[in-house]
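Colleague: I would like to learn how to read the ligand site of a model. Please take the features in turn.

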Amino acid sequence: MMKPIVFSMPGNELLSESILIGLEGERGNFTERQFPDGETYIRILSNVEEKEVIVVCTLHEPNPKLLPLFFICKLLKDLKARSICLVVPYLSYMRQDKQFNSGEAITSDYFAQLISSFADRLITIDPHLHRRSSMNEIYSIPCNVLHSAKLISSWIKNNIQKPLLIGPDSESEQWVSEVAKDAGAPYIVLEKLRRGDNEVEVSIPQTEKYKDHTPVLVDDIISTARTMIETLEHLKHAKMKPAICIGVHAVFANLAYDELIKAGAKEVVTCNTIPHNSNKIDVSKILIDSYKNQ
Ligand code: R5P
């Protein structure tokens, strides 16, 4: 395998360093800054000619990240890089995958077309594939989709006694059932009704028989945290023990993290697909293995 040269977009330094070490790669050096008018300046300082390039760029709050990412990829190609593999641990714009009202943009399609136009390959973790069964339905470049379930279940096994895994909605069943199987723990899945961006209603589960278990909420994304907060409320009414909240992707819009703690979460645990204080589960190994085994 050719040793890759690894470029870290701002904010991805920790994960990029692990990937760099794991692949015994070369560090890609570049400067990125903003002109006073807000436009982006980019200069690549490393020689990338004929090299396999990895660009690490997680894509929460994606809009301001996208244009610099596009520029660097275009520049890499102009400087004759052999290939560009994007490592995007959290892939945004996956949730708007359907036109709910006439005139609405299916942004997951547009976003996928754009990314596919300037990169050769993409590696990501637990993308929110809901109404779509595979990334190939929207991305025209090869995509390696990795799963954090095994990492989450070993964290649970090592840290929680008598866990009861809880999926807040039917969409979460895919992660929860997988995690529960590996953790050797029971699970239940609730019904969720989303009434608006910040308004979520969750049905009361049959919790009586799990009173002495520690509830562990598992979901792919924690964004406004309304889904988890609503679930916590119901668990409190059902007099369950304080719950641990595990999300793959720590999106945490605005004050969501503080609100989740205030709502009574005993602990909030996430994977390091998005840098956050709650990161306790390291995904670097599965990213490295995936790149090696391409
Ligand atoms: C839903 O489709 C996802 O699986 C998550 O349940 C959702 O994104 C969580 O969003 P929020 O934290 O805003 O309730």
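Colleague: How far does a polar side-chain atom of His128 lie from an oxygen atom of the ligand?

Modeller: A polar contact is a pair of N or O atoms within 3.5 Å; within protein, one must be able to donate a hydrogen and the other to accept it, and residues adjacent in sequence count only if both atoms are side-chain atoms. For His128 the distance is 3.3 Å. Asp220 also places a polar side-chain atom by a ligand oxygen, at 2.6 Å, while Ser223 uses a backbone N or O atom, 2.8 Å from an oxygen of the ligand. This is a predicted model, in which local features need pLDDT of at least 70 and side-chain atom pairs count only at pLDDT 80 or more, while totals for chains, interfaces and linings use all residues. Residues are numbered from 1 along each chain as its sequence is written, and side-chain values use heavy atoms, with hydrogens and water left out.

Colleague: What is the volume of the largest pocket?

Modeller: On a 1 Å grid over the protein atoms alone, a pocket is an open set of points where a 1.4 Å probe fits, with protein on both sides within 12 Å along at least five of seven lines; lining residues have an atom within 4 Å of a point. Points are joined across faces, edges and corners, and a volume is the space filled by probe spheres set on them. Here that gives about 1200 Å³. The space taken by the ligand is this largest pocket, where a molecule sits in a pocket if more than half of its atoms lie within 2 Å of its grid points. The lining has 37 residues, including Arg95 and Ser223 among those nearest the centre. Strand S11 supplies the largest share, four residues.

How values were computed
Helices (H or I, at least four residues) and strands (E, at least two) are DSSP runs, numbered from the N terminus.
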